[in-house]
Amino acid sequence: QVHLVESGGGSVQAGGSLRLSCATSAYTYGVSCMGWFRQAPGNQREGVAMITRAGGTHYADSVKGRFTISQDNTKSTLYLQMNTLKPDDTAMYYCAARSRSRICYYGDYVADNYDYWGQGTQVTVSS
């Protein structure tokens, strides 16, 4: 069974950095892509970044140039390096995986297209 466990969230001042990690068994079962999403209170869940099995990446415009997604298949871990954080980045951050049986499309952040989800880690950025 596929498990995803996020960590690394916390509170930081604007301009600071955090590195989120997602320990997952998804790579063992095979995935077509992995993604990071976030959801702030009262808002819909939105895609932040995604990475394909081969390592291709895509970012939402709101985080482009500030966030970097990466994966270590040998360690079964997905990462999100977040720099120059802004108060608008405050949200619960989730990692998600799409099964290898489903095609991965760049920029596809439709939550229903991801099969497995973690419980989330909170990121709070103060001004």
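Guide: Welcome! Buried means under 20% relative accessible area, exposed over 50%, and partly exposed in between, using a 1.4 Å probe and protein chains only. This is a predicted model, where local features need pLDDT of at least 70, side-chain atom pairs count only at pLDDT 80 or more, and totals for chains, interfaces and linings use all residues. Residues are numbered from 1 along each chain as its sequence is written, and side-chain values use heavy atoms, with hydrogens and water left out.

Visitor: Why is Cys 104 called buried?

Guide: Its relative accessible area is 18%, and the cut-off is under 20%, so Cys 104 counts as buried.

Visitor: What makes Cys 33 and Cys 104 a disulfide?

Guide: A disulfide is a pair of cysteine sulfur atoms within 2.5 Å. The sulfurs of Cys 33 and Cys 104 lie 2.5 Å apart, so the pair meets that definition. With 110 degrees about the S-S bond, this link is right-handed.

Visitor: Which cysteine does Cys 22 pair with, and how do you know?

Guide: Cys 22 pairs with Cys 95, their sulfur atoms being 2.0 Å apart; the rule asks for within 2.5 Å, so this is a disulfide. The pair links distant parts of the chain, 73 residues apart: Cys 22 sits in strand S3 (residues 18–24) and Cys 95 in strand S9 (residues 91–99). Strands here are DSSP runs (E, at least two residues), numbered from the N terminus.

Visitor: Why is Cys 22 called buried?

Guide: Cys 22 has 0% relative accessibility, so it counts as buried.

Visitor: How many disulfides are there by this rule?

Guide: The count comes to two, and in sequence order the bonded cysteines pair 1-3, 2-4.

Note on methods. Helix = DSSP H or I, 4+ residues; strand = E, 2+ residues; numbered from the N terminus.
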